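Here is a short briefing on one structure.

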Number of protein chains: 2
Amino acid sequence: MRVAIIGAGNVGASLGKGWARAGHAITFGVIDPADPRLAAPTAAAGGAELAPVAEAKANADAIVLAVPWDAVPAAIAALGDLSGRLVIDATNPLRMGASGLELALGFSTSGGEEVARLAPGASVLKAMNQVGFAVMSDTAGYPARPVIFVAGDDAARKPQVLALVADLGFEVVDAGPLDRARLLEPYAMLWIDQALSRGAPADNAFAFMRKQAVAGAIEYIRYALTVHDGAALTSAYVLAAPHLQAAPECLGYDLTQCDEDPTSFILRIQWVSAQAHMEGFRRGPHFPPFLAAIRDFIPEIAEMRHYAPTAIAWRR
Amino acid sequence: MRVAIIGAGNVGASLGKGWARAGHAITFGVIDPADPRLAAPTAAAGGAELAPVAEAKANADAIVLAVPWDAVPAAIAALGDLSGRLVIDATNPLRMGASGLELALGFSTSGGEEVARLAPGASVLKAMNQVGFAVMSDTAGYPARPVIFVAGDDAARKPQVLALVADLGFEVVDAGPLDRARLLEPYAMLWIDQALSRGAPADNAFAFMRKQAVAGAIEYIRYALTVHDGAALTSAYVLAAPHLQAAPECLGYDLTQCDEDPTSFILRIQWVSAQAHMEGFRRGPHFPPFLAAIRDFIPEIAEMRHYAPTAIAWRR
């Protein structure tokens with residue numbers, strides 16, 4: 001998609017970087033395109049274009065508001081007629097209060113609804129306001145996938161926004177109509193309050209998660225390569241892995257290579273149960289293409305057996 | 001602690017069950033202690049006591065409000081003088097709106113603050129309002145630890161509440177003063193809205209999580225037991241495991257036993273790096289007691305080597 005991001009501060013720059021990496025074409029709409037401080041965010045966003053706010057929306061499929069709350073009315077005024085356009089409101093209605101930043105409005109309205117009022121005829125969706133910028137372009141490495149909720153009334157175009165959020169690596173949850181921004185902005189404020197007033201790190205992220213299935217069986221496949229090299233094995237598993245991911249019986253896997261003996265590899269596969277592996281996966285539609293990808297390596301398997309978890313298990 | 005839970009509905013019953021399991025003594029304060037429907041929650045809470053609301057607080061170290069919002073004023077009136085008492089407000093100020101449950105107040109006040117107003121002199125902390133009851137007594141099995149934020153102005157007694165929440169298995173985060181309930185109640189409403197209006201399962205939980213360290217090295221220790229039996233090995237690791245947990249170089253471990261050959265075990269240890277294992281852990285204070293616990297099994301080790309992660313890794 002062609003995404004016009006209004007504002008190239010921390011939030012705009014992080015969104016541009018993340019979406020450019022996902023293959024989207026970025027235009028930053030800014031007050032002064034000649035500002036030399038814009039060189040870094042445009043480079044990070046894959047050579048994004050720069051344009052005055054009024055021109056940034058020209059060919060955009062989506063227009064993202066990423067400016068401070070005080071600047072929202074002027075930015076919308078500069079954008080001009082937004083009727084029929086898709087607008088993603090990533091702002092938070094913040095003001096400086098006695099003890100730091102606080103929400104300027106809420107409960108019976110929201111920043112998202114205020115943006116919709118200022119941009120009559122536009123499809124306004126609230127999204128990408130709920131975590132700090134450090135998370136926006138770097139969603140990897142969390143124990144659960146970080147979540148972004150999306151609120152908006154345009155059911156027809158909401159899938160485009162859900163997909164854009166997912167492209168950044170977030171789990172994306174439909175929060176319903178735009179007035180649910182009344183819940184999403186306090187949610188953002190909780191993150192902001194933790195980061196600014198209570199010492200939480202900037203890479204803290206929210207998750208909205210379900211109980212995870214516990215592997216009932218661990219399959220260990222040890223390879224002692226005598227014919228192929230390690231690169232050939234990992235290449236084969238690049239092709240085989242999607243068939244494990246597609247199989248509901250498989251909960252996870254990892255392949256590791258021995259430091260002391262690079263011909264030794266251990267593939268660890270987490271299965272729902274040994275029965276689910278042998279009767280579900282082995283007899284199901286995903287096994288034949290999986291087997292085809294790794295068949296040449298079968299003679300080099302030193303062990304392939306099921307192991308049962310014991311009570312000895314822990315993760316920091 | 002002696003915990004008086006006012007209300008034995010879904011929330012009160014779940015809290016009672018979880019806290020009783022953690023060793024706390026529960027009294028349910030209810031309108032009619034003779035109601036036969038109270039048999040199940042009192043049994044689940046380890047034989048909790050039942051008392052009329054007015055008497056439930058008698059010896060309680062903490063009084064937990066777990067009644068519907070409409071019943072809060074009457075419950076507080078029935079409790080009588082609460083000055084100097086620790087009150088945990090687990091309620092949400094909900095009312096029935098045109099499209100389902102909604103918050104009855106917020107932004108410039110909160111249910112927590114309203115409770116404090118109704119109970120002058122009490123130490124009121126907002127907690128345990130942010131997830132559904134199904135999560136409250138069953139916090140295991142999530143990819144990240146479910147979170148509960150605690151808001152309250154009594155810094156001296158807040159640690160008691162933080163500890164009570166942690167006893168249920170939650171990650172607990174201090175949200176600051178009681179007026180932060182203005183953020184925690186919309187947070188709860190987001191959960192409620194997802195569960196009641198958008199098909200989210202009742203065991204959905206929020207997390208507030210940091211990036212997780214990625215293991216740079218996997219150590220595989222394979223045992224082929226010829227002298228000891230498997231029960232002896234797992235007993236040894238019950239003693240050894242705390243020393244791995246205490247070592248900052250260790251990120252996790254799991255021990256599994258082979259289905260086809262019960263004398264074969266694989267211990268998988270996730271280390272920050274091979275160097276952190278060999279130079280940090282091996283030369284640090286946690287290695288000697290670790291080694292002492294498993295020394296007898298060293299002759300039965302078939303393999304003990306470091307493996308490096310490849311790009312082939314995934315978890316559902």
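Over all chains of this predicted model, a search of the whole structure turns up 26 aromatic pairs. One of them joins A:Phe208 and B:Phe206, with ring centres 5.1 Å apart. A second example, B:Tyr237 with B:Phe290, lies within chain B.

**The pair between chains**

- The ring planes of A:Phe208 and B:Phe206 meet at 45°, so this pair is tilted.

- B:Tyr237 and B:Phe290 have ring centres 6.3 Å apart. Their planes stand at 55°, so this pair is tilted too.
- Distant parts of the chain are linked here, as B:Tyr237 and B:Phe290 are 53 residues apart.
- B:Tyr237 belongs to helix H9 (residues 230-246) of chain B. B:Phe290 belongs to helix H11 (residues 287-294) of chain B.
- B:Tyr237 is buried, and B:Phe290 is buried as well.

**The ring cluster**

- Which residues do ring pairs link into a cluster? From chain A come A:Phe149, A:Tyr187, A:Phe206 and A:Phe208. From chain B come B:Phe149, B:Tyr187, B:Phe206 and B:Phe208.
- Two members of this cluster, A:Phe208 and B:Phe206, form the tilted pair between chains described above.

**Symmetry of the two copies**

- Chain A superposes on chain B by a rotation of 180°, with 0.1 Å of shift along the axis. The RMSD is 0.4 Å.
- The two copies are therefore related as by a two-fold rotation axis.
- In chain A, A:Ala207 has the C-alpha nearest the axis, 2.3 Å from it.
- Both copies use the same surface: 100% of the contact residues of chain A recur in chain B.

**Domains and annotation of chain A**

- Chain A is divided into domain 1 (2-197) and domain 2 (217-307). Their C-alpha centres lie 42 Å apart.
- An unreviewed UniProt entry places the feature "domain: Pyrroline-5-carboxylate reductase catalytic N-terminal" at residues 2-93 of chain A.
- That span, residues 2-93 of chain A, is 33% helix and 25% strand. Its end C-alpha atoms lie 26 Å apart.

Key:
Residues numbered from 1 in each chain as written. Chains lettered and ligands numbered in written order. Predicted model: local features only at pLDDT ≥ 70, side-chain atom pairs only at ≥ 80, totals over all residues. Heavy atoms only, no water. UniProt positions renumbered as here; feature names shortened; annotations may be inferred. Helix = DSSP H or I, 4+ residues; strand = E, 2+ residues; numbered from the N terminus. Least-squares fit on C-alpha atoms with pLDDT ≥ 70 in both. Contact = heavy atoms within 4.5 Å. Domains from an automatic or database assignment. Phe/Tyr/Trp six-rings, centres within 6.5 Å; stacked < 30°, edge-to-face > 60°. Buried < 20%, exposed > 50% of the residue type's maximum accessible area, 1.4 Å probe, protein only.
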